Amino acid sequence: MTTVFLCEDSLDGILTGVYDAWDSRLGHECVKLQLQIDGNIELFCEYRTVCTDLQKAEKVLRTVRKRMGRNAEEAVCYAAACTDDRKADAIYRLIVLGLTMPDGKKAVHCLQNTSVLLVEKLRCKSWREAEKMLGFLRFEELENGVLYACMKPLCAVLPLIAPHFAERFMQENWIIHDVGRRQAAVHRMGGGWYLTDSYLLEKVNQKGRSGSEEEFQDLWKIFCRYISIEERKNPGCQQNLLPLRFRPYMTEFMD
Amino acid sequence: MLRTRIPEQLPVMEKLKILSDAAKYDVACTSSGTSRGNNGKGIGNCTDAGICHSFAADGRCISLLKILFTNECIFNCRYCLNRSSNDIPRATFTPDEICSLVMGFYRRNYIEGLFLSSGILNTPDYTMELMYQTLYKLRTQYHFGGYVHVKAIPGADPVLIEKTGYLADRMSVNLELPTAEGLRRLAPAKTREKILMPMRQVQNRMEENREELILYRNAPRFVPAGQSTQMIIGATPDSDFQILSVAESLYKKFELKRVFYSAFVNVNEDSELPALPGGPPLLREHRLYQADWLLRFYGFSAEELLSEDRPNFNMIFDPKCDWALRHLEYFPVEINSAPYEMILRVPGIGVKSARRIIKARRQGSLDFTDLKKMGVVLKRALYFITCRGRSMYPIRIEEDYIARNLLYTKENLPPQLQSGATYRQLSLFDDGMLLSAGEQPQAFPVDV
């Protein structure tokens, strides 16, 4: 009989699940990790709900880093940010493989293994999404000088992109708001950044913008229009590289 | 001269319209090649891979605020929109206007940095001096740490170019046209020597700077992201082989990071320029970029891809496929044992999948299904590879056979190439096809 561990849909949730599943000593073949989402329940399965524990998660991630290297750590973190039902189990299998191999650092290269390949695919997917978001995010200056940006990415990339902006806009106060997941990253001038629930931010959208905001937005729209060459017009190519789903949040496509 | 003088106090909005419109024919909009943290005082950093912030309606990336300092120009290059004999609105930014634009855009995450080019105002020295002042203000007064790409003006004082290079990340001098002869015809004020001189200077200074940096880690960095150049394709009758050879020698002798190709867009009515009824030669530009990648990342040389006898690229097959079809003696390649360099030469396998193959085959042998999952384009690759000694299904290693099969999976080609070149299933009721073959419409023979 298979025992299914239901984990929370977050990096910490999945890593806690990995810890609990391993710790249950049922044998790797007899356990399975799943996300806590409504779905079909299988017969002849025992379901256990995993209670997210930051300490357990930290332990697992530390072991992965030590035994399997930075690449594996990154792969696990990025894959966990994706929306895919199979990710929890794939991450578990990758970690099992890495910790049972003589050299765990080679586990991420075993692309013949379906779980490793899936983790790699998911890593690529959220990496690409994060990379896109680094460019496509648009800040607006509020009355009080705070920079505010909202986005709706497919993967939970907020914690992945926040360090980039913390470095870039070190001397600014800024907020990045993930509208779909109701999460926000907040950064204070010269300090660090932290993740928070975004219920406090619902009113920000009605708040006034600073005096120069509209002017800069207009300048940017004009620039984007004039920089394109009419003779080479290629909306298909543009849409490939900049899908429509990003555009509602981007200044140059607002009207 | 027909030039209308525009008053200096034009609003910034108007200037931006004029000067971004004038800068759009410059190709380079990359922000890659340098990695730098925030300096702690100001704003900005650079990432090695570069970041695209938007895409314009022509599908080109917008990464940098690409503007001219001025579109006034003393030269009269025939292909250029800003040539002195054109009657167009002219404008000139002030250094402060550029700085405030860059800072305003950068804070809102619109751009990765600045791309500053310019027409020649008064003299090359005078223009270069103004551009230097702009960068100096941006870096010291506004503490801007983002990416800056600046054009070196041919003919400007080497001291000015050197000073500017310490403030910029990337410098470039436009080669404009692939051959000296074309330059003489279309841009009489510029010569090949004048263009190559600053290029050589930047190269030498970069080399010295590398040694300084080994000795003193914190020595100021000179053009850390390297230099690039661009040439116009299709304005002169140069062949692809000439263009690619020029690019190859630029990579080898001048250590350029990138050579950009820009399909010629006819903006001036001029008897010396070709008329392009079919629009700019975009497919030719595309083929050149593909070949450029083969030079830089795939270990090909220009002579392998083209020769004096075959001076132009095949428009139907990409350069790599074309090479493979003409060199079937190297194929098939055994995926589980071939060296990396050879795997890289298989059509349908790129740098990424070649690396994956090398890493994965150490852990166990690979089969076609594994390759498929790793991102190899099997419909192209299957004619050139074997896995564990067998090919995917029985194929003939023959040029005609492979070419015919590859054509079904070809990329999007312009319509005039799509017809004619391919084989199609004959349909009895397809009148249009019979007509296009040059035959008279005729009654269907009854006895068939």
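This is a predicted model: local features need pLDDT of at least 70, side-chain atom pairs count only at pLDDT 80 or more; totals for chains, interfaces and linings use all residues.
In strand S7 of chain B, Gln227(B) is the bridge partner of Met171(B). Residues are numbered from 1 along each chain as its sequence is written, while chains are lettered from A and ligands numbered from 1 in the order in which they are written. Helices (H or I, at least four residues) and strands (E, at least two) are DSSP runs, numbered from the N terminus.

**Around strand S7 of chain B**

- Strand S7(B) spans residues 227-233 and is mostly covered, with six of its seven residues buried. Here, buried means that 20 or more other C-beta atoms lie within 10 Å of the residue's own, exposed means 12 or fewer, and partly exposed is in between, with C-beta atoms placed from the backbone.
- On one side of the pairing list is strand S6(B), residues 170-172, which joins S7(B) in the parallel sense over two bridges. Two strands pair if DSSP finds at least two bridges between them.
- S7(B) also pairs with strand S8(B), residues 258-263, again in the parallel sense, over six bridges. Within S8(B), Ala263(B) is the bridge partner of Ile233(B).
- Together with helix H7(B), residues 240-253, strands S7(B) and S8(B) make a right-handed β-α-β unit. Right-handed means that, with the strands pointing away from the viewer, the path from the first strand over the helix to the second runs clockwise.
- Tyr216(B) sits in the loop between helix H6 (192-215) and S7 of chain B. This tyrosine counts as exposed because it has 9 C-beta neighbours inside 10 Å.
- Tyr216(B) is 52 residues from Asn268(B) in sequence, and their C-alpha atoms are 51 Å apart in space.

**The two chains in outline**

- Chain A contains seven helices and eight strands, and its C-alpha atoms fill a box of roughly 65 × 45 × 35 Å along the principal axes.
- Of the 255 residues in chain A, 41% count as buried; in chain B, the buried share is 42% of 448 residues.
- Chain B has 17 helices and ten strands.
- In chain A, 68% of the contacts between residues at least 6 apart in sequence join residues at least 24 apart. For chain B, residues 24 or more positions apart account for 70% of the contacts with a separation of 6 or more. A contact means that two C-beta atoms, placed from the backbone, lie within 7 Å.

**Where chain A meets chain B**

- The interface brings 38 residues of chain A into contact with 44 residues of chain B.
- On the chain A side, the elements giving two or more residues are helices H4 (114-136), H5 (158-168), H6 (213-226) and H7 (235-241). H6(A) gives the most, with seven residues.
- That side of chain A divides into 22 nonpolar, seven polar and nine charged residues. Ala, Val, Leu, Ile, Met, Phe, Trp, Tyr, Cys and Pro count as nonpolar, Asp, Glu, Lys and Arg as charged, and the others, Gly among them, as polar.

**The nonpolar core**

- The largest nonpolar core has 191 residues, and those with the most contacts inside it are Ile91(A), Ile176(A) and Val102(B). Such a core is a set of buried Ala, Val, Leu, Ile, Met, Phe, Trp, Tyr and Cys residues joined through C-beta atoms within 7 Å.
- Helix H2(A), residues 54-80, gives the most to this core, with ten residues.
- Leaving aside residues up to four places away in sequence, Val102(B) touches Leu65(B), Leu114(B), Leu138(B) and Phe144(B).

**Domains**

- Chain A is divided into domain 1 (2-126) and domain 2 (137-253), with bounds that come from an automatic or database domain assignment. Their centres, taken over C-alpha atoms, are separated by 32 Å, and the contact takes six residues from domain 1 and five from domain 2.
- Chain B is divided into domain 1 (12-271 + 280-305) and domain 2 (319-435), and their C-alpha centres lie 37 Å apart.
- In chain B, ten residues of domain 1 are in contact with eight residues of domain 2. Helix H8(B), residues 282-297, supplies the largest share of the domain 1 side, six residues.
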